[in-house]
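Me: I am new to this one. Please take me through the terms and show how each one is applied.

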Amino acid sequence: MEAGVGTPIPEWRLDGVSPEKMKVFAAIARDPNPIHWDRREVAARGLGEHLINQGPVNLGYVINMLLAWAGPASLCDLAVRFTSNVFDGDSVVAGGVVTAVREREGGRVADCDVWLDRGDGTRAIAGTATVALPPGA
Amino acid sequence: MAVTQEEMQALVGYRFPGGEFTIERWENVLLCDVVGSEPLPDGLAHPAYLFHAPLAGAGMRIADMFELFRAESDEAVRAGEYRWEIHRPLRVGATYRMSGGVVGMERKESRKLGLMDVATFAIDAYDAEDGGLVASTTGTWLVLRSS
């Protein structure tokens, strides 16, 4: 793999966020918020007709992109801001770019800007991450 | 009755009960599926655990957090920011000791979301076997206020 300043991280895509998976995550996380599992409640609150994906699940997509690129045990730091909702049925694409490569205890790491965009281009997550680079990268 | 800024500010320093969280194989499989990933190799757990595992291990359900932050309803809380420092990868079958509490509170007025309390909490995860620090997590939630 290549890792230099400006190197784009291969995108991670999901075509169609599943409402059923939102329900599974609500159960795993014991999240009582009905906007993730009850369309009637979403509509009653004037939030539209689609369930709203959990922020940590959106973040999971960004993490998938990083792990697919740098390795399954590579994630060191992550700092993100949630800037917009993702709805059931949305397509999403996680992206990133290397902003620095440096040495730190344990080896070389890459600092990256990362994001998650909806299919209509709306940015849902923006932030930074640091991943450990495999030897030779 | 409206929650005052002073009441919310008084939560800074509140310590969660604390406790442990074990990453079960079945739950990791489900979590990976939810985020669109195959289970990771070599017994690694998905880092997305760092949202709910620290809270659950620290003895706080999401509903408990809503109550602590005096949320006006279950949908009056939005994710704001997360910051994670991972010192060791999370592993399936491992047990982690969680310790943390509320570290910040700020009342703000947003053009988009209106009046809100920006609540920040931090939880550290330690390996229950050797006591080593595994991850430090900080979460910021937006607690929306009608008045």
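Reply: Start with contact: two residues are in contact if their C-beta atoms, placed from the backbone, lie within 7 Å. In chain B, among contacts between residues at least 6 apart in sequence, 72% join residues at least 24 apart. This is a predicted model, in which local features need pLDDT of at least 70, side-chain atom pairs count only at pLDDT 80 or more, and totals for chains, interfaces and linings use all residues. Residues are numbered from 1 along each chain as its sequence is written, while chains are lettered from A and ligands numbered from 1 in the order in which they are written.

Me: How do you know what confidence the predictor has in chain B?
Reply: By pLDDT, the predictor's confidence in each residue, from 0 to 100. Chain B averages 95, and 99% of its residues score at least 70. The model's ipTM is 0.94, and its pTM is 0.94.

Me: What makes up chain B, in helices and strands?
Reply: Helices (H or I, at least four residues) and strands (E, at least two) are DSSP runs, numbered from the N terminus. Chain B has four helices and five strands. Their order along the sequence is α-β-α-α-α-β-β-β-β.

Me: Why is helix α3 of chain B called mostly covered?
Reply: A residue is buried if 20 or more other C-beta atoms lie within 10 Å of its own, exposed if 12 or fewer, and partly exposed in between; the C-beta atoms are placed from the backbone. Eight of the nine residues in α3(B), residues 49–57, are buried, so the helix is mostly covered. Among them are Tyr49(B), Phe51(B) and Leu55(B). Across the 147 residues of chain B, 38% count as buried. After α3(B) comes Gly59(B), with a positive phi near 90°.

Me: What makes the side of chain B that touches chain A?
Reply: 29 residues of chain B are in contact with 31 residues of chain A. α2 (25–34), α3, α4 (62–68) and β2 (77–86) of chain B each give two or more residues to that side. β2(B) gives the most, with eight.

Me: How do you know which strands pair between the chains?
Reply: Two strands pair if DSSP finds at least two bridges between them. Five bridges join β2 (residues 75–82) of chain A to β2(B), so these strands pair. They run antiparallel. Ala79(A) stands opposite Arg83(B).
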